[in-house]
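Dear colleague,

Here is the structure I promised to pass on to you. Please have it open while you read the notes below.

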Protein chains: 2
Amino acid sequence: MSTTISVSSPADFHVHLRQGDLSELVTPHVRKGGFHLAYVMPNLTPPITTTDQALEYKSKLEKIDPQTEFLMTLYLSPDLTPDEIRKAKNAGIIGVKSYPRGVTTNSDGGIESYEAYYPVFGAMQDVDMVLNLHGEVPSDTSANVHVINAEQTFLPHLRKLHAHFPRLRIVLEHATTRAAVETVKSLGSTVACTITAHHLALTVDDWAGQSWNYCKPVAKFPDDRKALRDVILEGHPRFFLGSDSAPHPSIKKSTSSPDQGCAAGIYTSPILLPLIAHLLDSFGALDRLEAFVSKNGRAFYKKEINTNSSASTAVRLRRGKTPVTGRYSAKGQEVIPFWSGKDLAWEIDN
Amino acid sequence: MSTTISVSSPADFHVHLRQGDLSELVTPHVRKGGFHLAYVMPNLTPPITTTDQALEYKSKLEKIDPQTEFLMTLYLSPDLTPDEIRKAKNAGIIGVKSYPRGVTTNSDGGIESYEAYYPVFGAMQDVDMVLNLHGEVPSDTSANVHVINAEQTFLPHLRKLHAHFPRLRIVLEHATTRAAVETVKSLGSTVACTITAHHLALTVDDWAGQSWNYCKPVAKFPDDRKALRDVILEGHPRFFLGSDSAPHPSIKKSTSSPDQGCAAGIYTSPILLPLIAHLLDSFGALDRLEAFVSKNGRAFYKKEINTNSSASTAVRLRRGKTPVTGRYSAKGQEVIPFWSGKDLAWEIDN
């Protein structure tokens, strides 16, 4: 049984770094959690819909943590044009994130149907930008669509987009179901899939009545979780980490009133690499750690590290029972990480 | 469109009246909500497992509200013997409630398999007592059993019990799924089913991240809710109200910590009859109101009202937008009802 493990330049291909004081608190946690690269979601208030906004956001993040590499995205909306796509590409922006309307934090401006965006997707395919899909359809009582089958119901849209734009790189974000895993596996090399750390840990029973485990997409059934674990275990190259680490002020996670439920999102950034090592270890996939948190995602995004460079890009973990820090706070902001107070079996070996 | 409606002696065949100060606060709400009869659950701390305990509990409840009729139940546990069943029957106790271990409030002493209780069930069948089933199996990751399929997975146990004890009156409590409705419909006249008010209102989306709408069994999918509504709409005689009104201190409903989720249960007693009128009205079943909240349950439990008695047993509702009172408190106890702050379209016409 190995007691240390080394991972070259871990990359988190889906993370929320927020704005203002909260951003100052959480952005350094990417590196604290063992990661060198953060693929940054654009669902701010207002959302990041232009190249200029994305570059301004990037420079703020770099000011907070100059060491981390931030890859930027735009929020898919009617504001986005093929011209803006070309401008974004030239400015080094990597992807465009699509949110269905109303399904998660700050998604009120999300899309309702994809056909209207085909010119944008065509431009993205031409310049080789990545389309990141929040793969859920909005709940619809009359059609029996709800939070449990919202992802599965979305999958035909993914198939259709891939059929129309076979060269467009598409990432189905934060997959939670066996159906999603099987669909992505069945599609071509341009379609990949991120998996979060928390969806490797949780099922529906964990968020029933427990707001701290509530996120979108909601964690599904044990059999779905097994499918997520199995696809990592088998080492499938088109599946990789996107933590969807989503900090909310602790008061918004811990309380609800009859009028207002709690915020959706689970915060894993500060413990991310040890947490994933712990989880992969628990289902016998520790030897897939580097593929899952670095190699596969970097290959898909064409962000491979230079293997001839110095050894400083490696992050080392060692076995060792370590309690998760209870809370982080600054400037009136407080966030509490996933598994607060629990023990992890791995820690970063600084 | 009628503006008043009259219901003879409404009966709630599943209600939690708690202990101590909380009981003093909530027990009068049965009558406040328009109900004359309360079928009282035995999951206290410690649970009501003997005739003597049930009679003592009953006298406490009668002291709090001498006007309401309380029908008492025992908690199925290894303490219960055929002798105790005969004693209970002679003392006027009506039913025995079975809780699977660990699935809801105070169910740690619940049963794990039914065969051990066949002698008790045989005695119950002989003396014509009612078996009330919390129809869920405990979650089991290895068997892909979770809060969403826990009821459906239980249904074979109901079929088996009915086959072994065809004359035993059995009530499947607080049904939440189309599968449960169809199973009960397919069984004989000794098997009935209660439906709560809140399960006519909620689906899984309503409790995702909203602790005030969290209860066990959890509300399921829109199609399941439709099955519950449809069986009332069709006027099936073996389906009737059991509110499962379950008060918890408001602090336990509104907050959770990373270690401890919120309490499971929805409190409907103080608004129950207007709420049900509102809901049945919303899906065109207002003409089934009396059958659902009085006639069907009373017929199954052999508690028919004497139709020759005075008109004072009738409760009249009138159309009228009425906000739900926000909270009730006394002696340091505070409870907040379902739909607090919302408007109901019906009110009790005192």
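Predicted model: local features only at pLDDT ≥ 70, side-chain atom pairs only at ≥ 80, totals over all residues.

Residues are numbered from 1 along each chain as its sequence is written, chains are lettered from A and ligands numbered from 1 in the order in which they are written, and side-chain values use heavy atoms, with hydrogens and water left out.

For the complex, the predictor gives an ipTM of 0.95 and a pTM of 0.96.

In chain A, six strands form an open sheet in the order 5-6-7-8-9-10, with parallel pairing; helices (H or I, at least four residues) and strands (E, at least two) are DSSP runs numbered from the N terminus, and two strands pair if DSSP finds at least two bridges between them. Strand 5 (73-75) and strand 10 (239-241) of chain A each have a single partner strand, so one side of each is left without a neighbour in the sheet.

Strand 7 (residues 130-133) and strand 8 (residues 169-172) of chain A pair in the parallel sense over four bridges. A:V130 has A:R169 as its bridge partner in strand 8, and A:N132 has A:V171. Both faces of strand 8 of chain A are covered, since A:R169 and A:V171 on one side and A:I170 and A:L172 on the other are all buried (under 20% relative accessible area, with exposed meaning over 50% and partly exposed in between, for a 1.4 Å probe and protein chains only).

Not counting residues up to four places away in sequence, A:W207 touches residues of both chains, including A:Y214, B:V204 and B:W207, where contact means heavy atoms within 4.5 Å.

Chain B is superposed on chain A by a rotation of 180° with 0.0 Å of shift along its axis (RMSD 0.0 Å), by least squares on the C-alpha atoms of residues with pLDDT of at least 70 in both. The two copies are thus related as by a two-fold rotation axis, and in chain B the C-alpha nearest that axis belongs to B:T255, 2.2 Å from it. Of the interface residues of chain B, 100% are also interface residues in chain A, so the copies meet through the same surface.
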